[in-house]
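I opened this model to look up its charged pairing, its helix packing and its nonpolar surface. My notes follow in the order in which I checked them.

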Amino acid sequence: MSILRALLAIFFPPLAVIDRGCGSVLIVLILTICGWVPGVIAALVILNKNS
């Protein structure tokens, strides 16, 4: 995970996981709407997964 991707995950989580697939973007978007912190945590977790 690059520094740019981590900063993007903090400021706009759904944009950071856009290349991980539609499901990841939807999950992060819903969590971001519910609360900013859960969206950031989910984005960082998805970005840290080795796939």
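This is a predicted model: local features need pLDDT of at least 70, side-chain atom pairs count only at pLDDT 80 or more; totals for chains, interfaces and linings use all residues.

Entry 1, the charged pair. I looked up the side chains of Asp-19 and Arg-5 and found that they meet in a salt bridge, at 3.0 Å from N to O; the term requires a side-chain nitrogen of Lys or Arg within 4 Å of a carboxyl oxygen of Asp or Glu. The pair links distant parts of the chain, 14 residues apart, with Asp-19 in the loop between H2 and helix H3 (22-34) and Arg-5 in helix H1. I counted one salt bridge in the structure. Arg-5 has a relative accessible area of 27% and is therefore partly exposed, a class that lies between buried (under 20%) and exposed (over 50%), with a 1.4 Å probe and protein chains only.

Residues are numbered from 1 along each chain as its sequence is written, and side-chain values use heavy atoms, with hydrogens and water left out.

I took helices as DSSP runs (H or I, at least four residues), numbered from the N terminus. The axes of H1 and H4 come within 8 Å and cross at roughly 155°, the axes being lines fitted to C-alpha atoms over the stretch in contact, with angles from 0 to 180 degrees between N-to-C directions. H1 is therefore roughly antiparallel to H4, a label given to angles over 145 degrees.

Which elements give two or more residues to the nonpolar patch? I found a patch with about 1,100 Å² of accessible area together, including Ile-3, Phe-11, Leu-15, Trp-36 and Val-45, and the elements in question are helix H1 (3-11) and helix H4 (36-48). Such a patch takes residues with over 30% relative accessible area and no salt bridge, nonpolar side chains (Val, Leu, Ile, Met, Phe, Trp, Tyr) being joined within 5 Å. Leu-15, in helix H2 (residues 13-16), is partly exposed at 41% relative accessibility. Trp-36 lies in helix H4 and is partly exposed at 46%; its C-alpha atom is separated by 17 Å from that of Ile-18, 18 residues apart along the chain.

Methods
Patches are made of residues with over 30% relative accessible area and no salt bridge: like charges are joined within 9 Å, nonpolar side chains (Val, Leu, Ile, Met, Phe, Trp, Tyr) within 5 Å. Accessible areas come from the Shrake-Rupley method with a 1.4 Å probe; for residues, only the protein chains shown count as cover. Angles under 35 degrees count as roughly parallel, over 145 as roughly antiparallel, 65 to 115 as roughly perpendicular and the rest as oblique.
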